[in-house]
Amino acid sequence: MIRCLRISTTMFAKKSIPGTILFKRYFDRCLSNIPELTKNRYPVNRGDYAILNDNHVQFFKNLLDNRIITDPDECESYNIDWIKNVRGYSTCVLKPKTTEEVSKILAFCNENRIAVCPQGGNTGLVGGSVPVFDEVILNTSLMRTIYNINGTSGVLICQAGCVLEDLDNALAEHGLMMPLDLGAKGLCHIGGNVATNAGGLRLLRYGNLHGSVLGVEAVKADGQIIDLLSALKKDNTGFHLKHLFIGSEGVLGIITKVAIQCPPKPLAINLAFLGLPSFKHVLKVLKQAKRDLGEILASCELIDQSTMRVSTENLKLRLPFPEEYPFYMLIESHGSNTVHDEEKLTVFLEEIMKNELILNGILAKAPSTIRKIWELRERLTEGFVLDGYVFKYDISLPIENFYSLVPVMQERLSGLKDVIRVSGYGHLGDGNIHFQVSCREFSQEILQKIEPFVYEYTSKLRGSISAEHGIGFRKPKYVHYSKSPESIVIMKQLKTLFDPKGILNPYKVLPP
Ligand code: FAD
Ligand code: 2HG
Ligand code: ZN
């Protein structure tokens with residue numbers, strides 16, 4: 001039975017959560033949570049790379065005008081990933097400002113066989129953005145120039161180190177927005193987003209980066225600059241080489257510039273937050289939302305009860321209604337006409353209420369309410385870290401099976417006393433679930449109960465073991481669960497073509 005459907009009527013104009021404040025709070029809280037060195041926790045051997053010496057460091061200092069960090073304490077935060085899963089021990093962080101500097105760094109490293117870990121905002125979730133051993137870190141945070149925003153074509157051209165949220169704010173002045181949005185927007189760089197082919201909260205509406213990235217400029221391992229920076233919507237002259245860099249996770253080259261097609265900022269935004277009794281009901285609501293909302297459906301996210309408690313208990317955030325439900329859905333519409341959108345939403349909400357598909361709901365229009373509700377969803381990654389250690393799985397499954405893994409794993413892990421929660425949430429509209437097992441601290445016993453079982457399960461259903469976060473350090477040996485032997489051979493051949501000495505992000509992405 002539907003208890004209520006509150007409508008919050010204030011005018012909309014969604015603004016993002018101030019990312020920098022959010023991340024500062026998180027880092028303050030988690031600073032003491034330092035993981036074991038990756039080389040000690042996982043069975044991995046250092047490759048035959050040079051050990052950095054004073055001459056190497058002097059070369060970098062001269063080239064970068066001292067934009068280099070060599071103090072081990074200062075290097076610490078660049079060595080540890082955001083979710084505190086992995087830790088390298090690099091003593092050299094390089095901060096180039098230009099493509100030419102990146103090119104000279106790589107040419108030198110290639111010549112001297114120095115391994116390099118490309119790093120953007122270091123928010124990656126698969127251990128790809130930090131060194132495994134002592135790789136030099138090439139961080140793009142000083143490459144943050146916006147070259148052009150074309151208000152008519154909607155094309156943005158910028159350097160790879162621009163922070164996603166900064167780009168979104170700059171585009172807003174032209175009535176545009178970035179085609180992707182993620183909880184890490186206050187820290188992640190556009191180069192990192194392209195390198196991971198990041199998905200995010202509104203992929204359902206705006207598509208993935210293979211669609212919106214028009215061009216890239218990248219530097220190969222030997223320092224050669226490849227200009228693929230087309231800003232054209234249509235360009236079929238030969239192979240679309242830019243696609244090789246989208247999702248390449250730093251193993252084929254370093255992305256230095258991007259051209260991106262940006263959509264107009266929606267004039268009307270509404271968010272429905274719903275409480276539901278079962279996953280069967282969730283599927284029916286998804287189907288109805290697609291049918292009734294059509295082109296204005298921008299986001300359709302699912303959170304189960306156990307995950308929602310991460311927000312309410314760990315982060316002390318408040319639900320818009322006092323009762324708890326087995327499932328919650330966030331359904332956002334983006335449109336250009338308030339009246340038109342409200343008509344569609346009314347039809348949708350009446351239909352799901354009439355059919356008793358939801359137990360409770362709120363329709364938010366006020367930006368502050370919308371922001372508060374999204375916080376419950378966007379801060380989950382941060383909230384999970386407060387449990388202790390999180391085993392994360394980012395999986396695509398056929399929609400009927402979207403949630404089936406969670407009860408299977410709850411059963412499989414029941415009785416293990418160190419497990420805090422086994423739960424799932426994610427991008428329902430895209431068929432991409434984030435399955436999590438959190439515990440007080442890392443445990444080999446729990447890891448072995450989860451892997452490779454979770455990948456076998458996914459593979460049997462013809463799902464993907466990496467829907468949006470990539471392969472990084474954590475998953476290379478499992479790639480075969482989602483890719484054929486022939487495609488793995490081609491991946492390795494491409495790696496050899498672009499980086500014959502294997503200096504770029506070693507130990508990552510490619511199966512051993
Ligand atoms: P980094 O983490 O620094 O690097 C990621 C990978 O890209 C590494 O392998 C690195 O070597 C490589 N790389 C970085 N920059 C370059 C470059 N210029 N050239 C070549 N290689 C490079 N991901 C999603 O897909 N969807 C989400 O909704 C989402 N939400 C998130 C929410 C939170 C709170 C957090 C912490 C993470 C989230 N992520 C999400 C994961 C992460 O934010 C994305 O993968 C993001 O795109 C990484 O960008 P970054 O700049 O932080 O890259
Ligand atoms: C999200 O959808 C991100 O919020 C992060 O992809 C998911 O923390 C995660 O596993
Ligand atoms: Zn996600």
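The following dialogue explains how to read several features of this predicted model.

Biologist: Which conventions apply to the numbering and to the values?

Modeller: Residues are numbered from 1 along each chain as its sequence is written, while chains are lettered from A and ligands numbered from 1 in the order in which they are written. The model is predicted, so local features need pLDDT of at least 70, side-chain atom pairs count only at pLDDT 80 or more, and totals for chains, interfaces and linings use all residues; side-chain values use heavy atoms, with hydrogens and water left out.

Biologist: What is the strand order in the open sheet of four strands?

Modeller: In general, helices (H or I, at least four residues) and strands (E, at least two) are DSSP runs numbered from the N terminus, and two strands pair if DSSP finds at least two bridges between them. Here the order is β2-β3-β5-β4, with mixed pairing. The edge strands, each pairing on one side only, are β2 (68-69) and β4 (116-119). Strands β3 (residues 93-94) and β5 (residues 136-139) run parallel and are joined by two bridges, with V93 opposite I137 in β5.

Biologist: Which strands does helix α5 lie across?

Modeller: Contact means heavy atoms within 4.5 Å. Axes are lines fitted to C-alpha atoms, for helices over the stretch in contact, and angles run from 0 to 180 degrees between N-to-C directions. Helix α5 (residues 99-112) lies across β3, β4 and β5, and runs at about 165° to β5.

Biologist: How many residues of strand β10 are buried?

Modeller: A residue is buried under 20% relative accessible area, exposed over 50%, and partly exposed in between (1.4 Å probe, protein chains only). In β10 (residues 254-261), eight of its eight residues are buried. Strand β7 (residues 155-159) runs antiparallel to β10 and is joined to it by five bridges; C158 stands opposite V258. Strand β8 (residues 213-219) also pairs with β10 in the antiparallel sense, over six bridges, and G215 has A259 as its bridge partner.

Biologist: Which residues are the protein donors of the zinc ion (ligand 3)?

Modeller: Donors are N, O and S atoms within 2.8 Å of the metal (3.2 Å for Na, K and Ca); water is not among the atoms, so sites may look incomplete. The zinc ion (ligand 3) has H427 (NE2), H434 (NE2) and E468 (OE) as its protein donors, lying 1.8 to 2.1 Å from it. Their spacing along the chain is H-x6-H-x33-E. H427 belongs to strand β16 (residues 419-427) and E468 to the loop between α18 (453-460) and α19 (485-498), so this pair ties together parts that are 41 residues apart in sequence. H427 is buried at 3% relative accessible area, and E468 is buried at 12%.

Biologist: How many salt bridges does the count come to?

Modeller: A salt bridge is a side-chain nitrogen of Lys or Arg within 4 Å of a carboxyl oxygen of Asp or Glu. By this rule the count comes to 20. One of them joins R202 to E332, with the closest N and O atoms 2.6 Å apart. This pair links distant parts of the chain, 130 residues apart: R202 is in the loop between α7 (190-196) and α8 (203-206), and E332 is in strand β13 (residues 327-335). R202 is buried at 5% relative accessibility, and E332 is buried at 0%.

Biologist: Where do K354 and E351 lie?

Modeller: Both lie in helix α13 (residues 338-354), three residues apart, about one turn of the helix. K354 is exposed, with a relative accessible area of 59%, whereas E351 is partly exposed at 24%.
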